[in-house]
Amino acid sequence: MKHEKRYRSTEKIKNRFKRFRLAPYLEILLGLALLAALVWAAWTYVVPFFKGLASHAYSCAEPEATPTPSPEPTPEPTPDPYPGHKLYNADLKTMQTEIVIPEYQYASDVSVVGDTILCAVGNYTPDGTAAFVRAYLYDTKAGTHTFLALPLQYKSIRFPAMNERWIVYLDAAANGGGRMMAYDRQSGGARALKTVHAGLLRPVVIGDTAFWIERTGQSRDKLFAVDLETGESATLAIYDGSPYALSKPFAYGGRLVYVSPEGALVSFDPASGESETVPVDADYVHDPQMNADGIAFLDSDHAADGRVLFYDGEKTVEAATGAVDFFLGDGFIAYSRYDKNYVYYYGDGTTFCTTRSDETAMLLAAGGDVIVWMDVTWRDKDIMEFMTVGD
C-alpha cells in the first residue's frame, strides 16, 4: 500500500511541473544540453578511436619520406686552360732577346736554320738605297755571331739559303737581276750558277741541289733545279701565265714542296726524282712550308683577309685568319696581324700573342723552336729580336 501511495505522489509532481508556465522552454534547453554533451563525447573519444583504427590498417605501408633539400654542390676550381705551354703566363720581356748587329744598320731576308739566324746586313749608300754586303749568322744558343764576306759583283746579298755545306744567294744588282751564287762553307770557294736577267730570286737548298722559280719570258716562269757541284740544271715545272709562279718553293727533310702550274700542292724527292700530289682541302694554295708534322700554306696571295691552313696528313684545319704572312716551326705556326705577332700550336689549337702591348712588330722568320721579328716601334735602326716558343 505504501508503494502505491509513492507512485501516485510522483505522478502528482509531474502534473504539477507541466502546469508550470516555463516548462516547455526548460525542456528545450535540457534537450540542447544533452545534444551538446553527445557531440563533445563523440569528438573527444569516438573520432580519435576510428583514426587509430585507420592508421593501424595501413601500418604496413612505407611512410612517406620527408624531402630534405639537396646540398649545394661545391664548385670545382676551373683549371688553367693550357698551363703546359711555354707562353702561358710568360713574362715576354724576360723571354725576348735583342740582337745587336755591330757596324751595320739594316738587316734583310731573315731565315732560321737549326740554331742559327741567317740574314743579309748592310748600310745606306750615297744614292739613298741600302746595300747588304755581308751575310750575318747568329747562334741563338751561344749568343755569338759571325760575318761572312760573300763574293759580290753587284750591289747586295739577297735571300741567302743555307745548309751544312752551302750558302746559295743572289748577287743582286740595284734594279734586280744579277747572279745566282753558291758558296762552299767548307772550302770557302764560290761559283756563279746562273745569270739572272730580272727580279729578286729566292733560292732553297737541299743537299747539293738548289731550287728557285725564275722569270724566263714575257709570261713564262720556270722552276729550276741546279747541281751545286757541277752547275748543271734541270727544269721541274713551266708556268705559262700561271699565277702559281708567285708561290715560293720550300725545302725540308730532303724534300721540296711547291705549287704546280695547275695549282696542286706537290712534294718532290730530289734523291729519287719521285713526286706526289698532296691532297689538301683548299681551293687555292700559296707559299707552302713543311715540317715533320705536315704542311702549312696560305689560301690567298697574302690578302689581308687570307687564311693560314695546316694539313697534318689527314685533314686541313684553319690556323689563322687575316694573316698576311706566316712561318712554320716545330709544333707551331707563327704569323703576323695588325702589327702583332702570334703563335698557333696546331697540336691543341691554342694561340698566344708574343708582342708586348706597348710595341709594334714585323715578323721576319721562324724555324725550329725560335721566332724572329723586327721591333718597328721606332725606325732609327733595325732592331731584331727573337725568342724560343717551342714546347
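## Close-up views of a predicted chain

**Figure 1. Met-384 of strand β28 is the bridge partner of Ile-99.** The model is predicted: local features need pLDDT of at least 70, side-chain atom pairs count only at pLDDT 80 or more, and totals for chains, interfaces and linings use all residues. Residue numbers start from 1 along each chain as its sequence is written, and side-chain values use heavy atoms, with hydrogens and water left out. Strands are DSSP runs of E with at least two residues, helices are runs of H or I with at least four, and both are numbered from the N terminus. Two strands pair if DSSP finds at least two bridges between them. Strand β1 (residues 97–99) pairs with β28 in the antiparallel sense over 3 bridges. Strand β27 (residues 370–375) also pairs antiparallel with β28, over 6 bridges. In that pairing, Trp-373 has Glu-385 of β28 as its bridge partner. Of the 6 residues in β28 (residues 383–388), 5 are buried; buried means under 20% relative accessible area, exposed over 50%, and partly exposed in between (1.4 Å probe, protein chains only).

**Figure 2. Ile-371 lies in strand β27.** The relative accessible area of Ile-371 is 1%, so the residue is buried. Its C-alpha atom is separated by 5.8 Å from that of Met-387, 16 residues apart along the chain. Residues up to four places away in sequence are left out of the following list, and contact means heavy atoms within 4.5 Å. Ile-371 touches Phe-332, Ala-334, Val-343, Thr-354, Ala-365, Ala-366, Glu-385, Phe-386, Met-387 and Val-389, not counting residues up to four places away.

**Figure 3. Strands β10, β11, β12 and β13 form an open antiparallel sheet.** The 4 strands stand in the order β10-β11-β12-β13. β10 (204–206) and β13 (233–240) are the edge strands with a single partner each, so one side of each has no neighbour in the sheet. Direction ignored, neighbouring strands are turned by 20° against each other on average; the axes are lines fitted to C-alpha atoms, for helices over the stretch in contact, and angles run from 0 to 180 degrees between N-to-C directions. Inside the sheet, β11 (residues 209–215) and β12 (residues 220–227) run antiparallel and are joined by 7 bridges. Glu-214 has Lys-222 in β12 as its bridge partner.

**Figure 4. Thr-235 sits in strand β13.** With a relative accessible area of 39%, Thr-235 is partly exposed. The C-alpha atoms of Thr-235 and Lys-222, 13 residues apart along the chain, are separated by 6.6 Å. Not counting residues up to four places away in sequence, Thr-235 touches Lys-222, Leu-223 and Phe-224.

**Figure 5. Phe-211 belongs to the largest nonpolar core.** A nonpolar core is a set of buried Ala, Val, Leu, Ile, Met, Phe, Trp, Tyr and Cys residues joined through side-chain atoms within 4.5 Å. This core has 26 residues, of which Phe-211, Leu-223, Tyr-239, Leu-256, Tyr-258 and Val-280 touch the most other members. Two or more residues each come from β10, β11, β12, β13, β15 (255–259), β16 (265–269), β19 (295–298) and β20 (307–311). β15 gives the most, with 4 residues. Not counting residues up to four places away in sequence, the contacts of Phe-211 include Val-204, Ile-206, Phe-224, Leu-236, Leu-256 and Phe-268. A second, separate core has 19 residues, including Ile-101, Cys-119, Val-121 and Tyr-138.

**Figure 6. Strand β19 is covered on both faces.** Ile-295 and Phe-297 lie on one side, Ala-296 and Leu-298 on the other, and all are buried. Strand β18 (residues 286–290) runs antiparallel to β19, joined by 3 bridges. The two strands form a hairpin with 4 residues between them. His-286 stands opposite Leu-298. β19 is also joined to β20 by 4 bridges, again antiparallel, and here Leu-298 stands opposite Val-308.

**Figure 7. Cys-119 is buried and Cys-353 is partly exposed.** The relative accessibility of Cys-119 is 0%, while that of Cys-353 is 34%. A search of the whole structure finds 0 disulfides, a disulfide being a pair of cysteine sulfur atoms within 2.5 Å.
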